[in-house]
Structure formats: C-alpha cells, structure tokens
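This report covers a protein model with the sequence and coordinates shown below. Please keep the structure open while reading.

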There are 2 protein chains.
Amino acid sequence: MAKRGHHVELYELRDDIRLMEHVPGRSINLAMSIRGRSGLREVGLEDEIIKNHGLPMEARMIHRLDGSTYQIPYGKKGQCIYSVGRRFVNEVLLNAAEKLPNVHFNFAHKLVNSDLDKGTMSFKNLKSGEIVETDADLILGTDGAYSAVRKQFMKRARFNYSQEYIPCYYLELCIPPTASGNFAMNPKCLHIWPRGSFMMIALPNQDASWTVTLFMPHEKFEQLTTPEKLIAFFQTHYPDSLPLIGKERLVKDYFATKPSGLISVKCYPHQAGKALLMGDSAHAMVPFYGQGMNAGFEDCVVFNEFLNQYGDHNLEKVLPAYTEYRHVDAHAICDLALYNFIEMRDLVNHFSFLARKRFDTVMHWMFPNWWVPLYTSVTFSRMRYHLCIENKKWQDRVVRKLLWSTGTAVVATGVVALYNFRSYLQKLF
Amino acid sequence: MAKRGHHVELYELRDDIRLMEHVPGRSINLAMSIRGRSGLREVGLEDEIIKNHGLPMEARMIHRLDGSTYQIPYGKKGQCIYSVGRRFVNEVLLNAAEKLPNVHFNFAHKLVNSDLDKGTMSFKNLKSGEIVETDADLILGTDGAYSAVRKQFMKRARFNYSQEYIPCYYLELCIPPTASGNFAMNPKCLHIWPRGSFMMIALPNQDASWTVTLFMPHEKFEQLTTPEKLIAFFQTHYPDSLPLIGKERLVKDYFATKPSGLISVKCYPHQAGKALLMGDSAHAMVPFYGQGMNAGFEDCVVFNEFLNQYGDHNLEKVLPAYTEYRHVDAHAICDLALYNFIEMRDLVNHFSFLARKRFDTVMHWMFPNWWVPLYTSVTFSRMRYHLCIENKKWQDRVVRKLLWSTGTAVVATGVVALYNFRSYLQKLF
C-alpha cells in the first residue's frame with residue numbers, strides 16, 4: 001500500500017520483533033512456494049528472502065520405523081519448496097517497510113474498539129497506557145489467527161464464522177548441527193516420520209540445525225510425564241531421530257514448553273465497512289500444507305490486482321469484489337490443509353496412495369498442462385485453490401472410470417476366453 | 001432444577017414477557033412434537049400446553065401455483081404436530097416457575113462478565129444501572145442464539161464454534177379469521193407454498209388467524225419496493241393467498257417490518273468450567289424442521305437423565321458426560337434443519353421425492369419398527385438425531401440397491417427372453 005503511494009500506519013500488539021531476544025509463540029518454519037514468492041516479488045523482496053536465505057527442499061524424506069528412508073519428490077526435477085525462518089521473513093519485511101517515508105510503525109498498541117463503517121479505531125498504548133484514537137480510509141486486518149479486527153466483525157450481523165481446534169497438538173524440538181557444523185540429515189528434504197495418528201517433521205535452518213515438530217493428540221502428550229517415558233516413546237516410534245536430537249536435549253526441550261493447539265478459521269465476508277481481513281485473520285489454517293503464509297501473501301497479490309482493476313480510490317468496489325473472489329479459495333485451502341494432515345501422517349504409508357502418486361507423476365510428465373497433480377497445483381502453480389480441489393475431483397473420477405473399465409475389460413476378456421475354451425472342448429469331444 | 005430441590009436464580013436481559021404489550025423479535029409459531037412434549041411432561045406442563053392450547057396439524061398442505069392443493073401427511077393416521085404460540089409457552093413456563101418457592105426472577109439484567117471456572121457472574125441491572133455480582137455452582141446458559149454466556153466461552157481456548165447465516169431472510173404476515181370468525185384455510189394442516197428458491201408457510205393460531213412467514217433471498221425482498229410490485233409478486237407466486245391476507249393488510253404488514261436473517265450455530269464443547277450451554281445457545285438452527293424448541297426441551301430431558309445417573313452433586317461428571325453425548329445430536333439437528341429447507345421449498349414439487357415418500361410410508365406401515373422414515377424418526381420418535389441421519393443413509397443405500405437389482409433383473413430377463421426368441425427362430429428355420 002505504501003508503494004502504491006498511500007500513507008500507512010502499522011499498529012501491532014507486540015513489540016518490534018527485531019528488538020526481541022526470544023520471540024514467543026509458534027515458530028514452525030515457513031515452507032515458501034510460488035504463491036508466497038509472487039507476493040514477495042511484487043514488493044521486490046523475493047531474491048533477498050529466497051535466493052539468499054531459502055533452503056531448497058526437493059522431496060519429502062519418509063523415515064520408516066526401522067530407520068530406513070525413501071524420498072517422495074514434491075514436483076518435477078528442479079521444483080522445490082524453500083525452508084525459511086519465520087522471524088527472518090518478518091525482519092526483512094519490517095526493514096523494507098521502514099525505509100519507505102510513508103510508513104509509520106506503532107508497536108505495543110492493542111486494538112480495543114473500532115467502528116468499521118466509519119473507519120475509526122481506538123488503541124491502547126501498552127507502554128504508556130494511554131488510549132490512542134485514529135481513523136483510516138482502509139483498515140487492513142492482517143493480525144493473525146486470533147485477530148482483534150475480526151472480533152469487531154463478530155459484533156456485526158450476517159458474519160459467517162467458524163473456528164475449529166483439531167484434536168492434535170504440537171511441540172517443538174531441535175536437531176543441532178553435527179560436531180563438524182554440518183546438517184545431521186539430508187538438507188534437501190523435508191523429513192517426515194509418519195506414524196498413523198501422529199507424526200514428526202523436521203525442516204532445515206540456515207545454521208545447519210533442524211526445527212523438529214512433534215504432532216500428536218493431547219492424550220499422547222499427557223502420557224509422556226517423565227524423561228524415561230519420553231525416551232522410551234522415541235525409542236519405539238522415532239528411534240533414528242534419538243541420536244540426532246540427543247537424549248539430554250530432547251528431555252530439556254520437551255519439558256520446557258507445553259504443547260500448543262492448532263486452529264482452523266473460516267469466515268465470510270472478509271470485508272465489513274472500511275475493513276478487510278487478510279492472511280490468517282481471514283483464513284487461519286493448520287500447517288500441514290505449508291500454505292498459511294503463501295495464502296496470505298497471495299491475498300496481497302489478488303488485492304493488488306483488484307486495486308489495479310478498479311483504482312485505489314474505488315474501495316467500495318474493490319473490497320466486495322476481493323472478498324467475493326477470494327473467500328472460496330480461502331475456504332478451499334483451509335480444507336486442503338486439514339486433508340493433508342491425513343496424507344502426511346498416514347496415507348504416505350499406504351501402497352494405494354503411493355501408486356496413485358506415481359500414476360499422477362507419469363501423467364503429469366506426459367501431459368504437463370492437462371494432468372496437474374493436486375500437490376503441484378497447490379504448491380507450484382497459482383491455480384485458484386478451489387479449482388485445485390475441482391481438478392483433483394475430476395482426476396479422481398477419471399481414475400475411477402479407468403479402473404472400472406480396465407476391470408470390466410479383464411472380466412470380459414475372461415468370459416470370451418472361457419467361451420472359446422468351452423467351444424474348443426465341445427469340438428474336441 | 002428447582003423441582004430437583006436447587007435454588008434457581010433466573011437472569012434475563014429482557015423484561016418479563018408477561019408484562020409486555022408487544023413482544024419484539026421473531027415469533028414464528030412453534031411446532032411442538034414428541035421431544036418438546038417429553039420435556040414439558042417431566043415438569044407436568046404437557047397437558048396445559050398441548051391438550052388445552054395446541055392446534056393439531058396432521059399434514060402439510062401444499063399450495064400449487066394455480067391455487068389447487070394436496071396433502072402430504074406428517075406421519076401415520078393420528079400422528080400430528082401441534083402449533084403453539086411462542087409467547088403462550090413462555091408465559092406458561094414462567095407462571096409455573098414463579099409458583100415454586102426456590103426460583104427467583106431477575107429481569108432486565110444483562111450479563112457483562114463471567115469467570116466460568118469460578119462460577120462468578122457480573123450483571124448490569126438495566127433499570128438501576130448498578131452492577132450485580134453473583135456466583136453459582138452451575139451456570140445454565142439457556143440464553144438463545146446470540147447467547148451472552150457463549151460469548152464467555154469464545155474467550156477460552158479450544159472452543160469449536162461456527163455461525164452461519166443462510167442466504168434466506170424471513171418476514172411475517174398474517175391471515176385474519178373470516179368474517180364469521182373461522183379459519184380461512186383447513187386448520188388441521190401446516191400450509192406451504194413451495195416455489196423453488198423461496199416459499200411461504202402458514203401456521204394456525206388459537207384465535208383462528210394464521211401466522212404467515214415469507215422466506216426468500218434478500219435480493220427478492222429488495223425488489224419489492226412498492227405496494228404495486230408486492231401485490232404483483234403475490235398475484236404471480238401466491239395468488240390463492242392474496243384474498244385471504246387482503247391487499248391492504250399485506251401492504252401494511254410487509255412494509256411495517258424489515259426481513260430478518262436466519263442463523264445456524266454449532267459449538268463444542270457445550271461445557272466450560274461450571275457453565276453449560278443448552279437450547280439455542282448450544283445449537284441455534286434454521287426453523288425448517290420445527291425442531292428448535294423441541295431440541296432445547298429434549299436437552300433438559302437428557303440433562304435430567306445424566307443428573308439421575310451421576311447425582312446432582314457430581315457435576316464434574318454430569319457436565320462432560322452430557323456434552324459428549326449431546327453435541328453429536330445438536331450438530332445433526334442443525335444439519336437436518338438446513339436440509340429440510342431444500343425439501344420444503346423445492347423437493348415437495350418433485351415426483352421422485354413424493355414417490356420415495358410413498359414408498360417410505362408403505363414400508364413403515366408394513367415394518368413399523370424396522371423402516372422408520374426420516375421425518376417420523378425426527379418428529380414422532382426420540383431416536384437420537386444423529387441416528388436419524390444414519391438411519392436415513394442406510395435406507396438410501398437399501399433403496400439404491402433395490403433399484404439397481406430391479407434394473408439388473410429387468411435387463412437379465414430381457415437378455416434371456418431374447419436368447420430364447422433366437423433359439424425359437426433357429427428351430428423354426
């Protein structure tokens with residue numbers, strides 16, 4: 001918005017992340033792909049974040065119980081997603097914004113009230129305690145899954161809203177660099193330990209360490225009450241990771257924090273009066289498709305397109321047009337993210353899933369534009385999220401018909417063969 | 001709760017409904033059936049409400065465009081639902097509660113805050129303006145679709161919640177008694193004018209008038225801006241109702257109020273600390289199955305059963321047990337209510353729907369316990385709502401298989417006949 005020439009006041013509940021020693025809250029690494037990159041490209045930050053700091057991951061590395069592994073590539077040769085630190089992306093964005101003369105930061109300001117129709121807002125300055133009254137032509141509520149701006153939406157009539165906590169919690173661990181300062185595992189992969197109803201994943205960091213995330217139902221976390229039980233659990237389910245994490249470090253990290261919940265939020269409309277919800281505030285999702293930040297940055301690209309189309313001073317057209325266009329895709333990616341949890345923790349262990357994956361890969365290789373696998377359409381294309389789902393449903397129908405007609409052909413061939421055999425026998429005797 | 005011996009403080013935002021001349025808010029008549037009656041029976045009020053004041057409705061009366069009508073019975077001969085006034089039921093309940101020495105009413109009290117774990121609540125007395133602090137062993141949040149108690153739930157972690165406004169509004173009209181003081185239509189029926197994407201219904205009142213409700217998308221309401229357009233709309237879509245309502249009255253009633261929205265609310269869990277949500281606050285639904293009040297009163301029956309099972313002083317067992325048991329049924333009836341809108345406004349016009357209805361009726365007549373139609377299970381039985389859906393799905397599978405095997409049998413018969421005919425021809429020549 002600043003680059004489009006507008007004066008931007010940024011209000012943020014927390015302190016400036018660049019001045020904080022330890023950043024509270026979740027820190028699952030970001031998996032940056034084409035949609036996130038499109039947003040960064042438009043503000044000239046793609047190179048700084050991706051080329052200079054992103055760690056390319058070309059495949060999922062699946063860790064079996066016995067410690068053996070196999071890879072499932074994310075896309076075609078050369079296609080990859082990038083592991084980037086959440087804090088790093090925040091810092092690059094803040095530094096870039098700060099350089100613009102028409103952006104002004106207000107950290108440690110808590111939104112206490114707002115009239116969305118008038119565009120007025122009251123903030124409490126958390127340092128001084130004073131109440132700051134302000135107003136704007138456009139309020140962009142980009143304040144995350146527990147959005148304070150969205151709470152103002154909730155007071156209004158006809159706001160569709162759903163929040164769902166999935167029955168899975170997460171807790172972060174770490175695999176340090178090796179003694180020689182190298183990655184302890186293949187850093188070209190996102191590592192997954194799928195175990196049916198629970199799983200563990202690991203993403204590489206710039207400093208050759210790994211951010212490891214344990215996902216499982218709360219009951220399972222509650223059972224691991226002592227260091228002994230924890231280590232026994234890892235010996236049973238994640239034996240190959242134990243020497244990499246280190247028993248001492250595992251126990252220290254595990255008992256230092258409490259598992260966090262995972263929320264999925266959908267709403268409609270994303271607009272109310274002069275306010276617009278974007279990013280997690282409009283569509284918080286579970287992290288299993290690595291699309292949360294990507295979807296948020298794509299929101300900016302889409303919004304930018306509508307501003308180009310209708311003009312910056314035509315917000316009464318831009319905001320409804322944006323929300324009508326975007327909410328179907330927001331809903332779709334929330335659904336896809338929930339679905340991918342099943343795929344990651346369980347399906348990757350199934351033969352039929354892997355067979356279908358191979359089939360999709362071959363088909364995509366033969367007909368690159370006609371047969372685009374779901375993961376590819378979501379991660380390596382900007383196909384609208386809801387069309388990715390439609391496309392997958394169509395493919396499923398095609399595959400079903402194919403299997404059915406193959407089955408029928410086999411049976412028919414069998415019947416004809418049997419008939420011929422009978423005729424043959426009849427002639428013989 | 002008072003009848004179980006507890007001291008009950010009732011806090012209500014509004015004034016005492018019995019003292020109000022005109023009751024604001026919606027007043028779609030209640031269609032009382034077995035679940036609502038079960039609740040009333042347990043507090044000894046079934047006879048007063050049903051036998052003395054309920055108007056039995058045995059069938060839907062469908063009004064075609066040309067004014068001709070046909071009936072679709074609700075159940076077997078003798079089965080009916082009862083039209084009762086919302087205000088009347090409220091008054092009977094309040095009068096009965098007032099007679100108990102351990103119930104105390106606090107009208108015009110607005111809940112402003114609550115600590116659900118401690119059971120403390122702050123109310124604002126809307127008459128005096130003073131803040132009243134109180135606490136309880138159990139907070140029953142039976143405060144409707146826009147529940148203030150539920151807002152306290154929203155502040156807590158891990159509360160699943162969804163609110164959805166359907167793209168349909170409603171507006172109330174009235175058909176007065178005839179000049180001779182009689183019902184203008186057959187009062188043994190709930191009258192429906194299904195018109196595809198919109199519809200009108202009418203329920204009889206004690207005074208021989210009819211409460212008429214117009215359901216349609218907001219765009220349609222917005223098009224009817226003048227008395228001429230309104231009357232033309234009725235002449236086109238509801239011609240037979242026009243002389244009954246009267247043009248003058250139609251215009252007056254229609255332009256006197258604004259159409260209201262319809263909300264559907266689901267949440268989980270229904271319990272938080274010492275608080276429990278019951279009725280619309282836990283499961284507000286669209287009115288198309290006539291189950292909103294019935295489900296709320298059945299909540300009381302179910303809660304009563306858990307109190308009997310675990311004991312009144314064992315709330316830490318009763319509340320979680322109730323919510324685990326009941327939320328699946330609450331979700332199910334919300335879904336069923338949304339589905340029934342499609343059935344009421346559109347499906348009743350389709351041949352396949354009516355054919356299936358007849359098939360179900362015949363099957364239910366032959367196997368009354370084995371084949372229970374969906375509507376019957378919801379309205380005339382206390383089968384758990386989610387099992388009503390399961391039961392319907394099972395029936396759908398049976399019907400599909402039946403159709404499929406009938407189809408196959410017909411084809412097979414044809415093939416055999418053809419084969420025989422060929423043999424016959426071969427022998428002939």
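The sections below go from the overall layout to single residues.

## Model and overall layout

The model is predicted. Chain A holds 14 helices and 18 strands. Along the principal axes, the C-alpha atoms of chain A fill a box of roughly 105 × 55 × 40 Å. Of the 429 residues in chain A, 48% are buried. The accessible area of chain A is about 21,500 Å², and carbon and sulfur atoms supply 58% of that area.

Among contacts in chain A with a separation of 6 or more, 69% come from residues 24 or more positions apart.

## Domains of chain A

Chain A is divided into two parts: domain 1 covers 8-332 and domain 2 covers 352-429. The centres of the two domains, taken over C-alpha atoms, are separated by 37 Å. At their contact, 26 residues of domain 1 of chain A meet 19 residues of domain 2 of chain A.

## Relation between the two copies

Chain A is superposed on chain B by a rotation of 180° with 0.1 Å of shift along the axis, and the RMSD is 0.2 Å. The two copies are thus related as by a two-fold rotation axis. The same surface is used by both copies, since 100% of the contact residues of chain A recur in chain B.

Which residue of chain A comes closest to the rotation axis? That residue is Ser162(A), with its C-alpha at 1.9 Å.

## Salt bridges

Over all chains, the count of salt bridges comes to 44. One of them joins the side chains of Glu298(A) and Arg326(A), at 3.0 Å from N to O. This pair links distant parts of the chain, 28 residues apart: Glu298(A) is in helix H10 (residues 292-310) of chain A, and Arg326(A) is in helix H11 (residues 315-345) of chain A. Glu298(A) and Arg326(A) are both buried. The two residues also belong to a network of salt bridges that links Arg35(A), Glu298(A), Asp299(A), Arg326(A) and Arg382(A).

Asp396(A) and Arg356(A) form another salt bridge, with the closest N and O atoms 2.8 Å apart. Asp396(A) lies in helix H14 (residues 385-428) of chain A and Arg356(A) in helix H12 of chain A, so this pair ties together parts 40 residues apart in sequence. Are the two partners buried or partly exposed? Asp396(A) counts as partly exposed because its relative accessibility is 22%, whereas Arg356(A) counts as buried at 19%.

In chain B, the side chains of Glu298(B) and Arg326(B) meet in a salt bridge at 3.0 Å, N to O. Glu298(B) lies in helix H10 (residues 292-310) of chain B and Arg326(B) in helix H11 (residues 315-345) of chain B, so the pair ties together parts that are 28 residues apart in sequence. Both Glu298(B) and Arg326(B) are buried.

Ser38(A) has its place in helix H1 (residues 34-42) of chain A. Its relative accessibility is 9%, so Ser38(A) counts as buried. Leaving aside residues up to four places away in sequence, Ser38(A) touches Val301(A) and Arg382(A). Arg382(A) is one of the residues in the salt-bridge network described above.

## Backbone features

The peptide bond from Tyr268(A) to Pro269(A) is cis, with omega near -5°. Pro269(A) sits in the loop between strand E16 (260-268) and strand E17 (271-272) of chain A. In chain B, the bond from Tyr268(B) to Pro269(B) is also cis, with omega near -5°.

Arg158(A) is not a glycine, yet has a positive phi of about 60°. Its location is the loop between helix H4 (148-154) and strand E12 (160-175) of chain A. With 25% relative accessibility, Arg158(A) counts as partly exposed. Arg158(B), likewise not a glycine, has a positive phi of about 60°, and lies in the loop between helix H4 (148-154) and strand E12 (160-175) of chain B.

## A nonpolar surface patch

Val362(A), Trp365(A), Met366(A), Phe367(A) and Trp370(A) make up a nonpolar patch on the surface, with about 590 Å² of accessible area together. Phe367(A) counts as partly exposed, at 37% relative accessibility.

Note on methods: Residues are numbered from 1 along each chain as its sequence is written. Chains are lettered from A and ligands numbered from 1 in the order in which they are written. This is a predicted model: local features need pLDDT of at least 70, side-chain atom pairs count only at pLDDT 80 or more; totals for chains, interfaces and linings use all residues. Side-chain values use heavy atoms; hydrogens and water are left out. Copies are superposed by least squares on the C-alpha atoms of residues with pLDDT of at least 70 in both. Contact means heavy atoms within 4.5 Å. Patches are made of residues with over 30% relative accessible area and no salt bridge: like charges are joined within 9 Å, nonpolar side chains (Val, Leu, Ile, Met, Phe, Trp, Tyr) within 5 Å. Accessible areas come from the Shrake-Rupley method with a 1.4 Å probe; for residues, only the protein chains shown count as cover. A salt bridge is a side-chain nitrogen of Lys or Arg within 4 Å of a carboxyl oxygen of Asp or Glu. Buried means under 20% relative accessible area, exposed over 50%, partly exposed in between (1.4 Å probe, protein chains only). Helices (H or I, at least four residues) and strands (E, at least two) are DSSP runs, numbered from the N terminus. Domain bounds come from an automatic or database domain assignment.
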